Amino acid sequence: LGADHPDTISSTSMLASAYLMNRKVDLALPLLEEAMTKHKDTLRAGHPEFLTILGNLAGCYFAVKKTESAIPLLEEVVVRQRKTHGSLDPGAVTSISNLAYMYEKRLDWSKAQPLREEVFESQKKQGDIKAIVLAYIKLRENLFEQKKFVEAEPLVREHVKLIEEKRLGVQALVIGQNHLGMVLAAQKKYPEAEAALLRSIREL
């Protein structure tokens with residue numbers, strides 16, 4: 001078939017994916033670089049297989065601490081996935097979350113924030129409680145790092161309400177009330193903060 005045949009390139013990509021699953025990044029990286037270069041000439045840029053290669057290559061670069069090489073690739077993946085499938089698509093949600101994580105690792109919290117918000121809203125629409133809670137945690141951490149406590153307050157209140165409505169357990173409620181107390185205290189809303197913290201103590 002030849003090295004440039006689409007089937008050959010697909011096989012190369014699958015081998016790279018197998019290496020990644022076994023955490024053999026050093027073996028996967030050159031294969032993905034080769035597959036990306038050749039796929040540009042054989043597949044349209046928005047093709048799912050091409051986007052998979054880009055996403056995997058971005059992951060490889062990130063794993064070997066080449067974040068500045070990884071980010072543009074994943075940004076392209078996110079743009080094309082949003083355009084093709086929308087931000088509710090599970091693949092798009094994963095890519096958006098991964099891109100936010102890369103921004104945060106280089107301490108670009110403000111650039112990551114709208115991505116964390118997008119993932120949180122997407123997960124709420126999907127309705128998976130575990131996914132909603134995880135997305136909330138990531139967004140809350142992002143806002144706390146930026147000391148955006150005014151923005152964080154309604155988010156934390158919404159989360160506490162969710163815990164109560166879904167009966168997610170005493171531990172989750174205590175943590176939620178503690179976070180609410182922290183947010184309120186950071187805004188010098190001391191009476192409200194005290195009330196939230198006392199509620200958390202009563203739950204124990």
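The model is predicted, with local features needing pLDDT of at least 70 and side-chain atom pairs counting only at pLDDT 80 or more, while totals for chains, interfaces and linings use all residues. Residues are numbered from 1 along each chain as its sequence is written, and side-chain values use heavy atoms, with hydrogens and water left out.

**Exercise 1.** Describe the lining of the second largest pocket.

Step one is the term: on a 1 Å grid over the protein atoms alone, a pocket is an open set of points where a 1.4 Å probe fits, with protein on both sides within 12 Å along at least five of seven lines, and lining residues have an atom within 4 Å of a point. Its volume is the space filled by probe spheres set on the points, which are joined across faces, edges and corners.

Step two is the residues: 15 of them line the second largest pocket, and the closest to its centre are Val-93, Ser-97, Val-119, Gln-123 and Leu-134.

Step three is the elements, where helices are DSSP runs (H or I, at least four residues) numbered from the N terminus. Two or more lining residues come from each of α5, α6 (109-126) and α7 (129-145), and α5 gives the most, with six residues.

**Exercise 2.** Describe the largest pocket in the same way.

Its volume is about 320 Å³. Of its 17 lining residues, Leu-51, Thr-52, Gly-55, Asn-56 and Ser-95 are the closest to the centre. The elements that give two or more residues to this lining are α3 (48-63), α4 (67-85) and α5 (90-105), and α3 gives the most, with six residues.

**Exercise 3.** Find what surrounds the side chain of Arg-140.

Arg-140 is found in helix α7. This residue is buried (under 20% relative accessible area, 1.4 Å probe, protein chains only), yet Arg-140 has no salt bridge, and the nearest side chain of opposite charge, Glu-141, is 4.6 Å away. A salt bridge would need a side-chain nitrogen of Lys or Arg within 4 Å of a carboxyl oxygen of Asp or Glu. The side chain of Arg-140 does make a polar contact with the side chain of His-179, at 3.5 Å; such a contact is a pair of N or O atoms within 3.5 Å, where one must be able to donate a hydrogen and the other to accept it.

**Exercise 4.** Explain why Ser-69 counts as partly exposed.

Ser-69 has its place in helix α4. Because its relative accessibility is 37%, Ser-69 counts as partly exposed, the class between under 20% and over 50%.

Key: Lys, Arg positive; Asp, Glu negative; His and termini not counted.
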